[in-house]
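Please read them with the structure open.

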Amino acid sequence: MQLKTKFILLIGLIVCLSYGVTFYRTASFQEELVVEQATRQAKMLFHQIRLTRQWIADHNGLFLVKEPGVEANPFLDQGEIQDAQGNWLVKRNPAMVTRELSLYAAKEGMGQFNVTSLRPVNPDNAPDDFERRTLKEFEQGKTEAVEIEKVAGNYRLRYMAPLLVDQRCLACHGRQGYQLGDIRGGMNVTVPMDWAFAEIHANNRLLLNIALATIVLVSLSIFVLFNSLVGRRLQRLAAAMDNYPAQPFQPPAQALEKNDEIGMLDKRFLQLCRRLEASQQELDKTREQVFQNEKLAALGRLVAGISHEINNPLGGMQNCLQMIRKNPDQAELHQRYLTLLGQGVDRIKGTVQQLLNIGRKEPLEIRSDDIDRVIRDCVELTCMGHKNIAVHLDLNIASPVTTGIEALRQVVLNLAGNAVQAIGRQQGEIRVVSRLEKNLLRLEIADSGPGIPIEHRAKIFEPFFTTKEVGEGTGLGLSVSHSLVKQLGGELSLAEDSASGASFSIVIPLKPVKEQ
């Protein structure tokens with residue numbers, strides 16, 4: 001998963017959790033606030049009705065003219081009286097006024113209220129489940145009760161508080177056994193809440209829509225900002241890393257002017273590239289110097305090895321000249337010695353020409369040549385003067401191939417020279433095999449010497465590692481050979497399963513014909 005995706009998902013999750021907690025808390029707070037406001041409204045209505053009841057009780061009830069719909073209360077003593085004009089008046093006590101006002105409020109869609117008791121005088125004032133449960137709690141010391149009910153899909157708040165017996169109440173309720181200060185019942189106020197919950201749901205939907213829109217907007221903003229400020233710049237830097245060193249790294253000037261983290265990374269990578277390029281230049285110079293030193297060392301060994309090959313024909317030629325001087329008149333003898341002199345000159349010329357061929361080319365020049373001839377020349381030159389070494393050449397490349405001929409020449413000289421030194425003055429043999437497999441050139445150079453100890457095999461390609469005595473070797477031959485083969489895109493390795501001696505394998509991919 002990309003860093004951009006992880007970053008956006010993490011920020012989105014944090015925003016979602018934040019809005020989730022905020023949404024939940026806001027919704028709860030709205031409901032608590034609405035319920036609290038409705039409770040205050042119910043309390044206010046409760047106290048208004050209580051004061052109305054108290055006023056009625058203080059004035060010994062209300063008397064209304066008796067007419068249809070205004071009947072006497074059968075539960076009151078002296079429920080009706082006649083005035084001086086002969087009109088009949090009916091009495092309304094606080095409970096009955098409360099009930100009739102509640103009916104008026106219900107018609108208007110406002111809150112309802114009623115008085116009830118566990119021992120009601122009027123059966124119409126019998127308590128329901130909420131009122132009965134609350135009245136019992138009042139007897140245990142509770143002072144008020146608030147509850148949200150849902151009836152027939154409609155929400156309502158019910159508030160109830162106790163009604164205490166005072167001196168004015170004893171006139172009617174004393175006969176029921178109540179005493180001053182007793183809880184004779186309670187008054188229940190019911191406030192409709194559908195409108196409030198509808199507002200809460202509407203506000204919640206609005207908050208949810210705002211939260212979703214904010215999350216989408218924040219995610220898009222993060223996506224755009226991350227792409228422009230981080231993503232694209234990191235992709236450009238990653239592409240530059242992939243293409244380096246084939247394409248030199250040079251960030252845009254505006255990228256280097258930015259002092260943020262990515263800008264500092266651009267600057268550090270540019271500095272790293274410059275250090276690597278400087279190191280590479282030094283390494284190339286050192287490699288070239290090492291190659292030339294090793295090349296000269298190899299030539300020195302070759303010259304020392306073939307000096308007698310030149311001295312022998314020179315000695316023979318000198319003898320021929322002496323014989324000619326001693327016998328100036330023998331034409332037949334002169335002809336035979338002149339032929340020997342020509343053969344000696346040709347032999348010396350061939351030897352010198354081979355030495356010149358070895359030293360005149362740069363190691364990585366790609367060209368076509370007869371690779372078998374190159375191998376044969378290198379091995380024969382290396383083994384000249386070593387009559388104790390038998391050379392077996394199994395060269396199977398019949399056509400010219402395109403590769404770094406001179407680099408390969410140097411590698412063969414180094415490996416063959418090591419083989420000669422490993423055999424020393426003992427009787428031994430050197431075997432060289434060449435073949436083509438598809439587009440790969442394979443060479444095997446093996447000797448019958450003592451071989452390379454197992455504990456040294458991991459270090460043989462390290463520079464300056466040698467098992468020879470001081471002054472007999474530089475420890476650079478195998479290191480330079482390994483480096484040259486690597487530069488040609490190939491692999492130089494030591495066979496692990498050689499029974500005796502050392503066997504090196506070279507695998508080099510050949511260049512296409514068009515590069516010739």
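Is Glu406 buried or exposed? Glu406 has a relative accessibility of 4% and counts as buried. The points below concern a predicted model.

1. Glu406 and its partner. Arg367 and Glu406 form a salt bridge, with 2.4 Å between their closest N and O atoms. Arg367 belongs to strand S8 (residues 366–369) and Glu406 to helix H10 (residues 405–423), so this pair ties together parts that are 39 residues apart in sequence. Arg367, at 19% relative accessibility, also counts as buried, the cut-off being under 20%.

2. Through salt bridges that share partners, Arg367 and Glu406 are joined with Asp369, Arg373, Asp377 and Arg409 into one network. The structure holds 18 salt bridges.

3. Glu149 and two arginines. Glu149 meets Arg156 in a salt bridge at 3.0 Å, N to O. Glu149 also forms a salt bridge with Arg158, where the closest N and O atoms are 3.4 Å apart. Glu149 counts as buried because its relative accessibility is 15%, and Arg158 is buried as well. Arg156, at 26% relative accessibility, counts as partly exposed. As background, side chains of opposite charge can pair when their charged atoms come close.

4. Ala152. This residue is found in the loop between strand S5 (145–151) and strand S6 (154–164). Most residues other than glycine have a negative phi. With a relative accessible area of 77%, Ala152 is exposed.

5. Lys438. Phi of Lys438 is positive, near 55 degrees, and the residue is not a glycine. Lys438 has a relative accessible area of 88% and is therefore exposed, as the cut-off for that class is over 50%.

6. Helix H5. How far apart are the end C-alpha atoms of helix H5? They are 69 Å apart. The helix has 50 residues (residues 194–243), and at 1.5 Å a residue these should span 74 Å, which agrees with the distance in the model. H5 also bends by about 50 degrees at Asn227. Anyone describing H5 should give the bend at Asn227 along with the end-to-end distance of 69 Å.

Key. Residues are numbered from 1 along each chain as its sequence is written. This is a predicted model: local features need pLDDT of at least 70, side-chain atom pairs count only at pLDDT 80 or more; totals for chains, interfaces and linings use all residues. Side-chain values use heavy atoms; hydrogens and water are left out. Helices (H or I, at least four residues) and strands (E, at least two) are DSSP runs, numbered from the N terminus. The expected span of a helix is 1.5 Å times one less than its number of residues. The bend at a residue is the angle between axes fitted to the seven residues ending there and the seven starting there. Buried means under 20% relative accessible area, exposed over 50%, partly exposed in between (1.4 Å probe, protein chains only). A salt bridge is a side-chain nitrogen of Lys or Arg within 4 Å of a carboxyl oxygen of Asp or Glu.
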